[in-house]
Amino acid sequence: MTQSDILLKHLSTVFDPELGGNIVELGMVKKVDHEGSTVKIDLALTIADCPMRSQIEKEITRKLTLLENVETVEINVVAMDQKDRTAVMEKARKKARENAQPTKIDPRTRVIAIGSGKGGVGKSTLSTNIALGLSKKGFKTGLLDADIWGFSIPRLLGIKGRIEANEDKLMVPFVYDDLKVISTGLITSDEDTALMWRGLMLSKALEQFLTNVEWGDIDYLIIDLPPGTGDIQMALSRLLPQAELIVVTTPQLMAQKVATRVADMAKRSFIPLLGVIENMSYFETNTGDKFNIFGQGGGDALAEQFALPILGKIPISEDTNDIADDGTPLILQEKNTPTKTEIEKLISVIAEKLPPIVDETCTGRLAKVFEELAK
Ligand code: ADP
């Protein structure tokens, strides 16, 4: 694969929210050059001074500078001529007509998958708190427990409810505060049925949860992946081209080694890597002394290896095991602890790095019109 093929693969994860397709398939990327650490792009927009422009430009820059060998991106915007404009509109219309969207997740939804090399590093705890935190900030958020076998989110949230289906036979997420939650653990309480059902779902689990769930209009979807690099991780980029990945690790070098595999897999599947969270980084006493109980360096080593930012270092909480595992997520606990503070910071970092997509349009509400046309 040539360097420009690789760049085009990454550019195809940038969507024109209005036209509902990615900028490569819509023919908006006219030219890509990579010289040193600079990428130069000719980008054709339907109208040059379109309000979507800065959003698309920001998104291109953000996605490409996530790559190790790209530092600056220069975008030269050109307005499409009439012929190009007709062609791109025709493509967008065709996509809408074919209902090419493979899932019920809107291309405008930010999708953050949270992965880890192995279990027990706090991936589910962090997924739950991040989703709740984004929801508490006022963003419409969904939390998908893709850990089909080892689901733990219902327990972490203390949910005993069940998912129901609506008239269209779509599963309706369980709503916790304002957060929409889907997990195999919410499907049935009867263990035998659950096991059989899970068996049937094995390979298609993620697909089911993305296509047969009434997610509605959400700003963020947080996906708690199973640990490791199995089928579900592999299906992610195919089903959700806009998905980005956060890798959770602990400070131990052993944990970092297995986390490397997840980051590698993401790279090979062109899933953008948003950054690393180091969990259980240290323990902080009441007097502010810090102890590196599980050693140190794992998060930094992983971040360095893949040229990624550290999104947060979360200390060990005295209470996590007792209280959090019993249904009161850390960020909802009243007591202010170093762990709660660092998780809150982490949520702000994520919301800042990946702000929700604003629904501005260039040429009226085209996407909506096409959706109507497709009916
Ligand atoms: P994973 O999803 O990676 O398997 P979990 O989120 O289920 O991991 O966490 C494993 C255990 O570690 C749980 O008992 C959880 O409460 C605990 N835990 C997670 N993060 C922390 C933390 N920062 N401090 C203390 N305990 C934690």
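The legends below describe close-up views of one predicted protein model.

Residues are numbered from 1 along each chain as its sequence is written. Local features need pLDDT of at least 70 and side-chain atom pairs count only at pLDDT 80 or more, while totals for chains, interfaces and linings use all residues; side-chain values use heavy atoms, with hydrogens and water left out.

**View 1**
Helices (H or I, at least four residues) and strands (E, at least two) are DSSP runs, numbered from the N terminus. Of the 375 residues, 51% are buried. Buried means under 20% relative accessible area, exposed over 50%, and partly exposed in between (1.4 Å probe, protein chains only). The protein exposes about 17000 Å², and carbon and sulfur atoms supply 50% of that area. Accessible areas come from the Shrake-Rupley method with a 1.4 Å probe; for residues, only the protein chains shown count as cover. Among contacts with a separation of 6 or more, 75% join residues 24 or more positions apart. Contact means heavy atoms within 4.5 Å.

**View 2. Three strands form an open sheet in the order S3-S4-S5.**
The pairing is mixed. Two strands pair if DSSP finds at least two bridges between them. Strand S3 (29-35) and strand S5 (72-79) stand at the edges; each has a single partner strand, so one side of each is left without a neighbour in the sheet. Neighbouring strands here are turned by 15° against each other on average, direction ignored. Axes are lines fitted to C-alpha atoms, for helices over the stretch in contact, and angles run from 0 to 180 degrees between N-to-C directions.

**View 3. Strands S3 and S4 run antiparallel.**
Val29 has Leu43 in S4 as its bridge partner. Helix H1 (residues 3-11) lies across S3 and S4, at about 125° to S3. Helix H2 (residues 53-65) also packs on the sheet. Helix H2 touches S4 and S5, and its direction makes about 150° with that of S5.

**View 4. Arg85 lies in helix H3 (residues 82-98).**
Is Arg85 buried or partly exposed? Arg85 is partly exposed, with a relative accessible area of 25%. Arg85 touches Thr46 and Met80, not counting residues up to four places away in sequence. The backbone oxygen of Met80 lies 3.5 Å from a polar atom of the Arg85 side chain. The C-alpha atoms of Arg85 and Leu45 are separated by 8.4 Å, though the two residues are 40 residues apart along the chain.

Definitions and conventions:
A polar contact is a pair of N or O atoms within 3.5 Å; within protein, one must be able to donate a hydrogen and the other to accept it, and residues adjacent in sequence count only if both atoms are side-chain atoms.
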